[in-house]
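Please find below a short note on the model, arranged as numbered points. The sequence and structure come first.

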Amino acid sequence: ALKRKYRKLYEQLQAKGIAFLRPEIQDANPAALQVFQQTLGDILDAIEDCAGPDRYIPLFLIDEFTYVYSNIMQPQPGTTINGDFMKFWKGFLEGFPVCAIVVGMDSMPAFMEAFPNEFACMKAYHVSFLKEKYARDMADLPIRLPDGSSRYAGEAGEAALDYICELTAGSAYLEAICCKALVDYLNDHCTTYVTRTVIDNLLQERLLSDARPILNQTKFDPQINDPGKFGQAEQLAVVQDNRALLSWMASCSDTRHELVAEQLEGLVLSQPEPEYRRQVLARLVDRDVVTKRAERYYKIKIDLMRRWLLREKGEEFI
């Protein structure tokens with residue numbers, strides 16, 4: 001990134017003898033840590049010398065940070081990460097003039113609760129689904145006609161655009177899958193404009209078809225799996241329980257696709273106690289998989305998931 005975007009700074013660092021030893025600092029051992037600290041120290045010193053009136057602060061961007069937590073809680077063969085890593089992490093952020101942005105799955109709150117002191121130097125932001133405006137733009141802007149007008153033309157088009165947002169609930173991942181399938185469908189059928197009927201046909205023929213549906217369980221893994229559970233037996237149980245509860249909700253919900261908590265009383269999970277069932281439901285609410293209204297009404301947030309669950313049970317899904 002330095003070489004591409006800050007060529008002058010990159011050349012100045014090179015002139016001062018800075019070497020970016022990526023292969024060495026990727027290894028998890030004390031010698032590699034020493035190389036990392038020495039390299040970072042050299043970079044910071046050199047930046048002070050050559051930045052002039054500007055101030056450069058290294059920013060570390062780390063994705064899937066919760067894998068650190070899962071390795072601490074459930075050590076994997078060949079890894080050396082343990083709870084001491086978080087002491088290093090706090091010392092690293094406090095001991096060097098650096099910043100970091102880390103992204104984690106929805107086990108991040110549990111991670112922060114397990115290491116409150118180490119995360120005290122960071123601020124948490126909850127990132128969830130797209131707001132409606134951005135969900136609409138994502139489905140609309142990339143496929144505008146050459147004159148800049150929308151393929152979702154007129155009242156029928158507006159209803160179709162609302163329909164996509166309703167189906168995906170602002171899940172950028174699922175919306176991208178649906179929109180890619182929609183573009184292929186429009187091209188294959190030489191169709192210019194998108195209506196609600198077009199989307200219904202797309203659902204029946206491709207997204208949720210009986211033959212080779214584009215949407216399968218792997219597409220809903222972020223909702224059905226729970227990254228906050230550890231151990232093979234626990235993970236298997238929670239996947240089975242989540243799917244069973246969500247399938248029950250899909251089948252038993254009313255015309256608003258809602259049900260009340262009492263309607264779950266006949267549901268059998270891996271643990272029979274009612275309190276456990278309430279815990280599973282509460283966890284799905286916390287993770288934004290299920291929405292809660294007026295203290296007792298529950299609904300699957302992503303309507304595509306509700307329809308997929310119905311199709312999996314052989315029930316009508318439209």
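**Notes on the model**

1. Glu64 counts as partly exposed because its relative accessibility is 32%; buried means under 20% relative accessible area, exposed over 50%, and partly exposed in between (1.4 Å probe, protein chains only). Glu64 sits in the loop between strand S1 (59-62) and helix H5 (66-73). Although not a glycine, Glu64 has a positive phi of about 55 degrees. Helices (H or I, at least four residues) and strands (E, at least two) are DSSP runs, numbered from the N terminus.

2. This is a predicted model, in which local features need pLDDT of at least 70 and side-chain atom pairs count only at pLDDT 80 or more, while totals for chains, interfaces and linings use all residues. Residues are numbered from 1 along each chain as its sequence is written, and side-chain values use heavy atoms, with hydrogens and water left out.

3. A positive phi is also found at Asp288, about 70 degrees, and this residue is not a glycine either. Asp288 belongs to the loop between H14 and strand S4 (290-293).

4. S1 and S2 run parallel and are joined by four bridges; strands pair if DSSP finds at least two bridges between them. Leu59 stands opposite Cys99 in S2.

5. Ile101, in strand S2 (residues 99-102), counts as partly exposed because its relative accessibility is 44%. Together with Leu59, Leu61 and Val103, Ile101 makes a nonpolar surface patch of about 390 Å². Patch residues have over 30% relative accessible area and no salt bridge, with nonpolar side chains (Val, Leu, Ile, Met, Phe, Trp, Tyr) joined within 5 Å and like charges within 9 Å. A salt bridge is a Lys or Arg side-chain nitrogen within 4 Å of a carboxyl oxygen of Asp or Glu. Areas come from the Shrake-Rupley method with a 1.4 Å probe.

6. Beyond neighbours within four places in sequence, Met305 is in contact (heavy atoms within 4.5 Å) with Phe220, Gln223, Ile224, Leu246, Val289 and Ile300.
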